[in-house]
Amino acid sequence: DGPLSQHEKAVATALRQSQEISVTATMDAEIDLSLISPGIRTAQERGVMLSLLHLAIKALGNTLPHFPRLASFHDRSKVYRYRELDVAFAVKAFSGNLYAPVIRAVDQLDVEQIARACYSAAVEANHGHMELKDLEGACFTVSHLPLNPIIRFVALPNQFQSAILAIAAERRSTKWVDGVATPAPVAAMTLTYDHTLCDGMYAAEFMQRL
């Protein structure tokens with residue numbers, strides 16, 4: 001088919017450099033969406049293009065301040081921590097290119113503001129209007145693949161980040177309510193993190209709080 005495009009080469013180089021300095025591990029957690037999905041539908045009925053991605057970004061804004069090692073990276077035995085909670089999210093543009101636009105100061109935005117910012121960024125990516133300033137400076141990244149039958153996937157941390165959160169599609173499961181088996185919507189979250197900066201207990205406490 002020919003050589004890689006410049007965009008593909010840039011993505012591959014950044015991911016390779018990230019992997020060369022990191023010792024990555026992964027951890028899964030399951031979210032019960034019973035209380036979350038109705039709220040999403042209500043917001044959508046009001047015209048807000050809300051999704052689990054936007055709630056996850058808002059939750060990260062509340063959670064990352066308590067787990068600074070996941071908003072840091074290391075280089076040449078020194079640890080660097082981000083001052084701002086800027087979070088990127090993965091977008092596959094119509095062109096086929098993969099982008100990670102950054103939503104700034106997510107700890108200062110409400111979930112509807114985050115939804116609007118994500119929508120605007122996705123539109124810009126699809127029109128090929130992404131500039132370098134729109135893709136730089138994130139302390140953390142989220143990748144959401146709401147496609148059945150995907151139940152779990154592992155994402156790779158971006159360059160100058162120590163962690164990334166992958167959120168798979170919603171699926172039906174069963175939980176016990178007052179001794180009765182009850183259908184429940186769930187989704188899997190998978191955290192990929194740099195074990196150099198934090199151990200499994202730190203990652204587990206982060207996932208629990210998130």
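This section describes strand pairing, aromatic contacts and a helix crossing in a predicted model.

Strand E11 covers residues 180-194. Eleven of its 15 residues are buried, so the rest of the structure largely encloses this strand. Several strands pair with E11.

Strand E10 spans residues 171-177. Seven bridges connect E10 with E11, and the two strands run antiparallel. E10 and E11 form a hairpin with two residues between the strands. In that hairpin, aspartate 178 adopts a positive phi near 55°.

A second hairpin is formed by E2 and E3. Strand E3 comprises residues 78-81 and runs antiparallel to E2, with four bridges between them. Histidine 74 stands opposite valine 79 in E3. Two residues lie between the strands of this hairpin, and arginine 76 takes a positive phi near 55°. Aspartate 75 belongs to strand E2. Its relative accessible area is 31%, which leaves aspartate 75 partly exposed. Aspartate 75 and proline 157 are 82 residues apart along the chain. Their C-alpha atoms are separated by 15 Å.

Aromatic contacts were examined next. Six aromatic pairs are found in a search of the whole structure. One of them joins phenylalanine 67 and tyrosine 202. The ring centres of phenylalanine 67 and tyrosine 202 lie 5.4 Å apart. Their planes meet at 85°, so the pair is edge-to-face; planes over 60 degrees apart count as such. Phenylalanine 67 sits in the loop between helix H3 (52-63) and strand E2 (72-75), whereas tyrosine 202 is in helix H5 (residues 200-209). The contact therefore ties together parts that are 135 residues apart in sequence. Both phenylalanine 67 and tyrosine 202 are buried.

Phenylalanine 140 and phenylalanine 206 have ring centres 6.1 Å apart. The planes of these two rings are at 45°, so the pair is tilted. This pair, too, links distant parts of the chain. Phenylalanine 140 lies in strand E8 (residues 140-144) and phenylalanine 206 in helix H5, 66 residues apart. Both phenylalanine 140 and phenylalanine 206 are buried. Phe67, Phe140, Tyr202 and Phe206 form one aromatic cluster.

The remaining feature is a helix crossing. The axes of H3 and helix H4 (residues 111-126) come within 9 Å of each other. They cross at roughly 120°. That angle makes H3 oblique to H4. The crossing is right-handed. On the H3 side, the residues in contact are His54, Leu55, Ile57 and Lys58. In H4, they meet Val111, Ile114, Ala115 and Cys118.

Notes. Residues numbered from 1 in each chain as written. Predicted model: local features only at pLDDT ≥ 70, side-chain atom pairs only at ≥ 80, totals over all residues. Heavy atoms only, no water. Buried < 20%, exposed > 50% of the residue type's maximum accessible area, 1.4 Å probe, protein only. Pairing = 2+ DSSP bridges. Phe/Tyr/Trp six-rings, centres within 6.5 Å; stacked < 30°, edge-to-face > 60°. Axes fitted to C-alpha atoms, helices over the stretch in contact; angles between N-to-C directions. Parallel < 35°, antiparallel > 145°, perpendicular 65-115°, else oblique. Left-handed = near helix turned anticlockwise from the far one by under 90°. Contact = heavy atoms within 4.5 Å.
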